[in-house]
Amino acid sequence: MNSPANLFASVPKRSSRAPAAPFLPMTRAEMDALGWDSCDIILVTGDAYIDHPSFGMALVGRLLEAQGYKVGIISQPDWTSVDPFRALGKPNLYWGITAGNMDSMVNRYTADRKIRSDDAYTPNAEPNKRPDRAVTVYAQRVREAYPGVPVIVGSIEASLRRIAHYDYWSDKVRRSVLFESKADLLIFGNAERALVDVTRRIAAGENIKNIRDLRGTAFLVPQGWLPDEEWSVHNSTRVDVPGRIDKQPNPYAMALEDPKACALDNAAPEPEVKPVIIMTREQRQAAAREKAAKTVVRLPSFETVSEDPVMYAHASRVFHLESNPGNARALVQAHGDRDVWLNPPPLPLAMDEMDNVYDLSYARAPHPSYGKAHIPAWEMIRYSVNIMRGCFGGCTFCSITEHEGRIIQSRSEPSILREIELIRDTTKNFAGTITDLGGPTANMYRLACKEKSIEESCRRLSCVYPTICSNLGTDHSKLISLYRKARAIPGVKKILIGSGLRYDLAVRSPEYVKELVTHHVGGLLKIAPEHTEQGTLSKMMKPGIGAYDEFKRMFEKYSIEAGKKQYLIPYFIAAHPGSTDEDMLNLALWLKKNNFKLDQVQTFTPTPMAMATTMYHSRKNPLKKVTEDSEIVETARSGKMRKAHKAFLRWHHPENWPILRETLIKMGRGDLIGNGERHLVPAWHPSEEGAAPAVRETGARTARQPAARTPAAHTPAQRTPAAPAGKRGNGMPAPHVVNAQAAAKRQPERAGAGGRAAAAAPEKTRPSILSTIKTKPKAPRK
């Protein structure tokens, strides 16, 4: 691979270039105002154009602009016609295609494959402003608009679909997006270096089909293609194949008795003697790295993985083991008579490079053409600051590691503090509160392996599972320093932390927990245990619930010391691979015991390339060696079972009681149905459209079921404010909590002989732990 490009090396500026505009142009009129007759690069995105570094197209556009190129943006074009793709004319260099900040299928569909009613990345949250599989659709349209112009695809949708992948929405294994989009090049991961390098080379006249040596890129080649003769192929297209078994010689046999054979043996030339070379550890590692740099790993073909779930799981395991940029080898996968070639992942950006990317001249606002339209994604991040990238957690349901890498890339303190001051001085309606200093996680800022050499040779899938690696630095002092300096900035009243907290790391630094709880929690702090049961947690690669308990003790201790009433908001995943009915029941009982009444909850969504998705599709565990006989991972796949698992998380809500009663009876746990404190769901409740409960025998246990249905009054629960919106790797919304108030007065329960009604004893209910939070009614949106 070529050495990394210098992102901000000086390049010749075009003499015809006008001064930088507040926004990159989206119309011909804006191009004319800049004096442009054409664009060098046109970026097409499925998101609204918001000129802020949290939005991929804005970051890419400003990065290329800083290199001296004229960049235009086509935002959310009408894909039913080719005309919108001709709005800015023909690009001089190439098209850059992205679905946006989210995979278009995750963006448009719920976990139940139903179309969402809104889109957070669209003005006024209007839905259906992007097509399914937007990267493919946009790429096909730009080919139609101007044939012959190179097409480069990127962003999370392209990144996570770069090889054959299971697609949840069509319930089948699909080919690499390179085939479907017919793109010339795919850039994955942290794309800045590859993007700058490929742009310079195309501008210099190099054919894009000859650019094959950039890290973080994927492309199509003829089957069997290798960069040069020095390359070798490591075949990983089979699993559990026994090697040749040589016949064991008889230890009692005499010397060769055949004189002819003896003559031939004696006449044989002396074997060549090779000297034994004793190498140091450093020499062996250097030799291994040199060999790996010229080795490509051949994965099972698309045809194989699409038909054989075991081979799919094997390919997934091999792919993830080749994810460390320090030791990853190139990968290749056959699709018919062609190969998809993946170069090793990009090297992480250095701190000064990160600073330069985020210090570019962003307008930090939506494009003026949107007027006063409400864009939820912008409202979420307008007062927040991204301080780092990447995640070494390795959670199997999350795609951050596959996309951004597991090596943390952090900005410097001065760069972050400058952005806070910029928000204070330039962002409209800033009231003094920074809503987040974070990223994929809240507290991995500047955490790294203790030794660079160890980091480069490591092949662990997670630095914190099953235990925190002894080589991982967990010192939070730099993050504590950043928090203190940030809140000392004049004009800043409050610094909140909205990103998800990795609490198993936080407890390693009590000083950090104290700093966080005392100064940076706005009443509610969200964290993600995800589950309580070890069987499920082991498939998630998440710590046991004991780590949550330890953090909870520290959180409550420091909240009391600070004289504040603050609460943890845990969120959980239903129907995750490996989660049984019993696991979900135990989680529901834990929620009831701790008096958590969740409002919004998340059902597992199999996103492309995630290891949990591999478990869902193949029923195999890719965290271990995969064979025909290896561990089976059972998963809730049917709609009814997934609905029941989700209902366990909202055990308190009347709409879930019928399916929970049915599930509990099926499990032989009818003893948990009743109106007592020890029961999970009531046998009957006035809030339901039911009358007298019916009795149904379940073996040794008895459960009550609702009989005829009649309307009944129901007092809606009062909601607490939502926890601050954060960034989750799979793009799903974070849950918030509802306080179930004492419901309507208990109505008489039909019972007794002779039809005489007896008054039912009122159920003993405890107030929720959030009942003391005062809520303000939301003002109607104008």
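Predicted model: local features only at pLDDT ≥ 70, side-chain atom pairs only at ≥ 80, totals over all residues.
Our pair is helix α19, residues 510-519, and helix α21, residues 545-562. They pack at an angle of about 50 degrees, and their axes lie 9 Å apart. The two helices α19 and α21 are therefore oblique to each other. The crossing of α19 past α21 is right-handed.

Which residues make the contact? From α19 come P510, V513, K514, V517 and T518. On the side of α21, the contact is made by F551, M554, F555, Y558, S559, E561 and A562. Sorted by class, the contact of α19 with α21 has eight nonpolar residues, two polar ones and two charged ones.

## Salt bridges across the chain

Now let's turn to charged partners. How many salt bridges does a search of the whole structure find? The search finds 44. Here are some pairs to look up in the model.

Start with R389 and E192, whose side chains meet in a salt bridge at 2.4 Å, N to O. R389 sits in strand β14 (residues 388-389) and E192 in helix α7 (residues 192-203), so this pair ties together parts that are 197 residues apart in sequence. Both R389 and E192 are buried.

## A bridge between two loops

R459 forms a salt bridge with E322, and their closest N and O atoms are 2.9 Å apart. R459 belongs to the loop between α16 (452-457) and α17 (477-487), while E322 belongs to the loop between α11 (309-321) and β11 (330-335), so the pair ties together parts 137 residues apart in sequence.

Are these two partners buried or exposed? R459 counts as partly exposed because its relative accessibility is 37%. E322, by contrast, has a relative accessible area of 4%, so E322 is buried.

## A bridge between helices, and a network

In another pair, the side chains of K640 and E662 meet in a salt bridge at 2.5 Å, N to O. K640 lies in helix α24 (residues 639-649) and E662 in helix α25 (residues 657-666), 22 residues apart. With a relative accessible area of 52%, K640 is exposed, whereas E662, at 41%, is partly exposed.

Finally, salt bridges can share partners: in this way D103, R133, R161 and D167 are joined into one network.

Methods: Residues numbered from 1 in each chain as written. Heavy atoms only, no water. Axes fitted to C-alpha atoms, helices over the stretch in contact; angles between N-to-C directions. Helix = DSSP H or I, 4+ residues; strand = E, 2+ residues; numbered from the N terminus. Parallel < 35°, antiparallel > 145°, perpendicular 65-115°, else oblique. Left-handed = near helix turned anticlockwise from the far one by under 90°. Contact = heavy atoms within 4.5 Å. Nonpolar A, V, L, I, M, F, W, Y, C, P; charged D, E, K, R; others polar. Salt bridge = Lys/Arg side-chain N within 4 Å of Asp/Glu carboxyl O. Buried < 20%, exposed > 50% of the residue type's maximum accessible area, 1.4 Å probe, protein only.
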